[in-house]
Amino acid sequence: MRKKIYSKVKCVVFDLDGTIYFGKDLADQAVQIIDYAREKAGHVFFATNNSAKTPLEIYEKLHERGIHLTPDEVLTSSFLLAEYLLKHKLHQTITIGTDSLKTFLHEKGISTDSKKAKAFVVGYDPKATLKDLDYPLNYLPKDYLFIAANFERSYPIENGWKTPGAGAMVKMAEFVLQKETDVFVGKPHSVMLKWIANKFELTPQEILMVGDQYKSDIQMAENFGAHALLVTNGEANPYPCKHITALAQLKELL
């Protein structure tokens, strides 16, 4: 039996794509492991770089699959985009992203197609093309702020398949606009974990981040000073971090 090295953590933060689910399919024993983590740690949270969906849409996806949670236990990069824009009074933007992201921003009082934009926002959108850059190329002022949800290269879906992430659109926009991104709100930057720590009044060492991506999930935890556990999903671990080969093994460590 493994030593319960995370028995003192007070919040377990789960990544979603590639950790809790793969497209439409839940990871083996995902429901039981989440319930166990809540019982042992006291708090669980779900943090995803996915900006294509709103927190409520992610909640509904999890709830429909039998996972026990509340809507306020979901943190997405779409939520953090809105938080950042409102905090810095950037209500006029040009935004590339899904209809869900744009509607979510509109509901917060943020325009996504303003000719007076002071910010350019890029989120994940599988339908995005070069044509989407026409508007920002011609209407953005010289002093605009370039804000991106994340720089994910790809993420896993069903049957071991991968699909391109938001990073592809970010890189394309940087090339066309000849400007590097000013702000990333998603992983591996520590914004998500800082938000969770503030919500529950926790120290970094009272948080465990569980995820399948070293360069986003694990590095975010390391940047914040939190515990990190990589889920390799049966693959070898080439990185200098603690790991499990399947989500179900987390029960042995809490």
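Colleague: What makes β8 and strand β11 (residues 183-184) a pair, and in which sense do they run?

Modeller: In this predicted model, β8 and β11 are joined over two bridges in the parallel sense. Pairing requires at least two bridges, so these strands qualify. Within this pair, Ile147 stands opposite Val183 of β11.

Colleague: How do you know that strand β7 (residues 119-122) and strand β8 (residues 145-148) are joined?

Modeller: Four bridges link β7 to β8, and the two strands run parallel. The requirement is at least two bridges, and therefore β7 and β8 count as paired. Val121 has Ile147 of β8 as its bridge partner. Between β7 and β8 the chain passes through helix α5 (residues 134-139), in a β-α-β crossover that is right-handed.

Colleague: Why is helix α3 (residues 77-87) described as largely enclosed by the rest of the structure?

Modeller: Eight of its eleven residues are buried, so the description applies to α3. A residue counts as buried under 20% relative accessible area. The buried residues of α3 are Ser77, Ser78, Phe79, Leu80, Leu81, Ala82, Tyr84 and Leu85. Just after α3, Lys89 adopts a positive phi of about 55°.

Colleague: At what angle do helix α7 (residues 191-200) and helix α8 (residues 214-224) cross, and how close do their axes come?

Modeller: Their axes cross at roughly 55° and come within 8 Å. This angle makes α7 oblique to α8, because roughly parallel would need an angle under 35 degrees and roughly perpendicular 65 to 115. The contact involves Met192, Leu193, Lys194 and Ala197 of α7, together with Met220, Ala221 and Phe224 of α8.

Colleague: Which hand does the crossing of α7 and α8 have?

Modeller: The crossing of α7 past α8 is right-handed.

Conventions:
Residues are numbered from 1 along each chain as its sequence is written. This is a predicted model: local features need pLDDT of at least 70, side-chain atom pairs count only at pLDDT 80 or more; totals for chains, interfaces and linings use all residues. Side-chain values use heavy atoms; hydrogens and water are left out. Buried means under 20% relative accessible area, exposed over 50%, partly exposed in between (1.4 Å probe, protein chains only). A crossover is right-handed if, with the strands pointing away from the viewer, the path from the first strand over the helix to the second runs clockwise. Axes are lines fitted to C-alpha atoms, for helices over the stretch in contact, and angles run from 0 to 180 degrees between N-to-C directions. Angles under 35 degrees count as roughly parallel, over 145 as roughly antiparallel, 65 to 115 as roughly perpendicular and the rest as oblique. A crossing is left-handed if the near helix is turned anticlockwise from the far one by less than a right angle, and right-handed if clockwise. Contact means heavy atoms within 4.5 Å.
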